[in-house]
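Could you go through the points below with the model open beside you?

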Amino acid sequence: MQTADAIVVGGGPAGSTCAWKLRAAGLEVIVLDRAAFPRTKLCAGWVTPEALRDLELDPGDYPHRFLTFEELHLHWKVLSTKPRTRQHSIRRFEFDDYLLRRADAKVVNHKVRDIHRDNGDYVVDGEFRCKYLVGAGGTACPVYRTFFSERHPRNSGLQTATYEQEFAYDWKDPTCHLWFFDAGLPGYAWYVPKADGYINVGLGGIAEQIKHRNGHLRDHWRDFVGKLKRRGLVRYDAYNPSGYSYYLRGSVDAVSDGNAYIIGDAVGLATRDMCEGIGPAVRSGLLAAHSIVTGEAYSLAGIGTLSGDSFASRLLERSFARAAEAVPGS
Ligand SMILES: Cc1cc2nc3c(=O)[nH]c(=O)nc-3n(C[C@H](O)[C@H](O)[C@H](O)COP(=O)(O)OP(=O)(O)OC[C@H]3O[C@@H](n4cnc5c(N)ncnc54)[C@H](O)[C@@H]3O)c2cc1C
């Protein structure tokens, strides 16, 4: 049996941030992840300055691909605008591995299946024992499933569906483009260049709304990559996109139970306008670690529900909220 003060299930931004702060406070920490790092994580890789501040990450010290946008190129129907705002892109493959290494915790490649309580401790798969258990396993987090799912069932009206691909590409336009509600998509599509010849293109929206409109992401994808080609943004013919689903922020209040905590996508914390999940995942990791170290209550009050305050942000929030209202508990 391997023992530690705390076990963190999942080594994404939520889990690695929590582990980093617990280690800094002197706790013994094991991070269990079913994937061997560096691992692929479906994500556009847009990171905000706020998230970098929370991570105490100076871009100058970051050793991997890092690109800064001084403006975004936003499109809505025939309108286009270029608001000035400083945002960044990274590759999750590199970023998550960097953060997990920096956490300085013991990392074990292990898929968590069974968790039970024993004399006030948590025992994971009969192999690991701890006093504090942190669920950072994303949408399918086993800590959420075991201790929180009954008290806090997920709201299907807030479930996103996404389709994306990241690949080596010699892009010419170094701006981040976003297309809102394009061709009936109840969400948005993106073109996110990365430093040194990588790019991520994708789209997403509220799953129930897409279904309600008899749409399928595959069809939106075909239209979208056609548009990228016509505009001369990406001329590429070897697409093989993948999908992933996660939850926007609902009225979650059950985030700890005894000494068990959930953070990041395990809670469903992505913003209700831009579906931004990295920043809220990092912030929740900090808050859970603070609670474990100080004994103060763990609350989500310090985590924003929106990424922006633009017209597009409010439109997106309203559009997403309409779908959520149809489902109790949003
Ligand atoms: C297509 C797409 C694009 C996105 N784009 C952006 C963006 O540009 N910017 C942004 O801020 N957010 C974006 N998001 C959201 C963002 O990716 C997530 O909100 C964020 O990764 C959440 O971090 P996390 O640490 O909670 O979970 P994750 O990063 O998902 O990490 C969870 C970890 O848990 C592990 N795990 C799962 N189950 C088990 C188990 N049983 N046992 C052990 N380990 C397990 C997984 O292997 C994984 O490493 C996007 C999401 C998608 C799907």
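1. Basis. The model is predicted, so local features are given only at pLDDT of at least 70 and side-chain atom pairs only at pLDDT 80 or more, whereas totals for chains, interfaces and linings use all residues. Residues are numbered from 1 along each chain as its sequence is written, and side-chain values use heavy atoms, with hydrogens and water left out.

2. Salt bridges overall. Across the whole structure the search finds 19 salt bridges, a salt bridge being a side-chain nitrogen of Lys or Arg within 4 Å of a carboxyl oxygen of Asp or Glu.

3. Glutamate 71 and lysine 82. These two side chains form a salt bridge with an N to O distance of 4.0 Å. Because glutamate 71 lies in strand β4 (residues 66-76) and lysine 82 in the loop between β5 (79-81) and β6 (84-90), the pair ties together parts that are 11 residues apart in sequence. Helices and strands are DSSP runs numbered from the N terminus, helices being H or I of at least four residues and strands E of at least two. Glutamate 71, at 24% relative accessibility, is partly exposed, and lysine 82, at 44%, is partly exposed as well; here buried means under 20% relative accessible area, exposed means over 50%, and partly exposed lies in between (1.4 Å probe, protein chains only).

4. Aspartate 96 and arginine 92. The side chains of this pair meet in a salt bridge at 2.8 Å, N to O, and the two residues, four apart in helix α3 (residues 92-103), are separated by about one helical turn. An α-helix has 3.6 residues a turn, so residues three or four places apart point the same way. Both aspartate 96 and arginine 92 are buried, and together with Arg39 they are linked in a network of salt bridges.

5. Aspartate 219 and arginine 222. In this salt bridge the closest N and O atoms are 3.4 Å apart, and both residues belong to helix α6 (residues 217-230), where they stand three residues apart, about one turn of the helix. Aspartate 219 has a relative accessible area of 36% and is partly exposed, while arginine 222, at 54%, counts as exposed.

6. Helix α3. Is this helix mostly buried or exposed? Nine of its 12 residues are buried, so α3 is largely enclosed by the rest of the structure; among the buried residues are Phe95, Tyr98, Leu99 and Leu100, and also Glu94 and Asp97. From its first C-alpha to its last α3 reaches 16 Å, close to the 16 Å expected at 1.5 Å a residue, the expected span being 1.5 Å times one less than the number of residues.

7. Arginine 145 is found in helix α4 (residues 142-148) and, at 45% relative accessibility, is partly exposed. Tyrosine 144 also has its place in α4 but counts as buried, at 6%. Tyrosine 144 and tryptophan 171 are 27 residues apart in sequence and 40 Å apart in space, C-alpha to C-alpha.

8. Backbone details to inspect. Most residues other than glycine have a negative phi, and most peptide bonds are trans. Phenylalanine 37 and proline 38 are joined by a cis peptide bond with omega of about -5°, and proline 38 is in the loop between β2 (29-33) and β3 (46-47). Asparagine 119 has a positive phi, near 50°; this residue is in the loop between β8 (115-118) and β9 (121-124) and is exposed, with a relative accessible area of 78%. Aspartate 125 likewise has a positive phi of about 50° although it is not a glycine, and it is found in the loop between β9 and β10 (128-135).
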